[in-house]
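Please keep the sequence and the coordinates at hand while reading.

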Amino acid sequence: MQVADRTRDVRGTVLLAVACAVLQLAVAPNVGIGNGRANFALVFAACVALRHGGRRGVVTGFLSGLFFDLSTTGPIGLMAFCLTVACYALGIEVRDRMAGELSSTMAHFAAVSLGVSLVYHLAMLLVGQAGSLIDVVVFRTLPTWALTVVSFLPFAYYYSRLRASGPELGAGRLSRRGR
């Protein structure tokens, strides 16, 4: 039997949001490779989209993208747009994709993360905040992608193990008692 515990889901999402917001504001600006920085707003939005999907994932993508835009010097609305589209793509199946499927989750996230990083940095080139196409691809997009994927790994591992090994409301006890 599967029981929906909305309180636990909301509490977990709020804790994840606070953790990713603190990491985005405190760690991401200070740790980087070249001109690339980890995108914890994408990590948070992807976790919600992969776990819940649908409308919740898209709204979370927009709000976390807006948070990212307001905390950086880039154009407001660019990351909100990118994360909204990314979360729509990640959560289109509206199921818990993170449950026990670490390799599939990482592959989906890596592809979406590369797309978001490339689109964001190409737009930064168009508005004049990047020097050249080589600067965008080599020194911004690839390091941002690598740091974001590495940053997502602990979250993906935690959520894949949480759902895969979690208790199923005493199902094991009932089968043992019945013997």
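Which helices are included in what covers the buried residues of H4? In this predicted model, the cover includes helix H2 (40–51), helix H3 (54–71) and helix H5 (102–126). The residues of H4 that lie buried are Leu78, Met79, Ala80, Cys82, Leu83, Ala86, Cys87 and Leu90. An α-helix has 3.6 residues a turn, so residues three or four places apart point the same way.

The geometry of H4 can be checked directly. Its 13 residues should span 18 Å at 1.5 Å a residue, and because the end C-alpha atoms are 18 Å apart, expectation and model agree. Helix H4 (residues 78–90) is also where confidence in the protein chain is highest, with a mean pLDDT of 94.

For Phe152, contacts beyond its neighbours within four places in sequence are made with Val43, Ala46, Cys47, Leu50, Met98, Thr105, Met106 and Phe109.

The average pLDDT is 84, and 86% of the residues score at least 70. The lowest mean, 39, belongs to helix H7 (residues 171–177). Over residues 164–179 the pLDDT stays under 50, and the model has 5 contacts beyond four places in sequence for this stretch.

Note on methods: Residues are numbered from 1 along each chain as its sequence is written. This is a predicted model: local features need pLDDT of at least 70, side-chain atom pairs count only at pLDDT 80 or more; totals for chains, interfaces and linings use all residues. Side-chain values use heavy atoms; hydrogens and water are left out. pLDDT is the predictor's confidence in each residue, from 0 to 100. Helices (H or I, at least four residues) and strands (E, at least two) are DSSP runs, numbered from the N terminus. Contact means heavy atoms within 4.5 Å. The expected span of a helix is 1.5 Å times one less than its number of residues. Buried means under 20% relative accessible area, exposed over 50%, partly exposed in between (1.4 Å probe, protein chains only).
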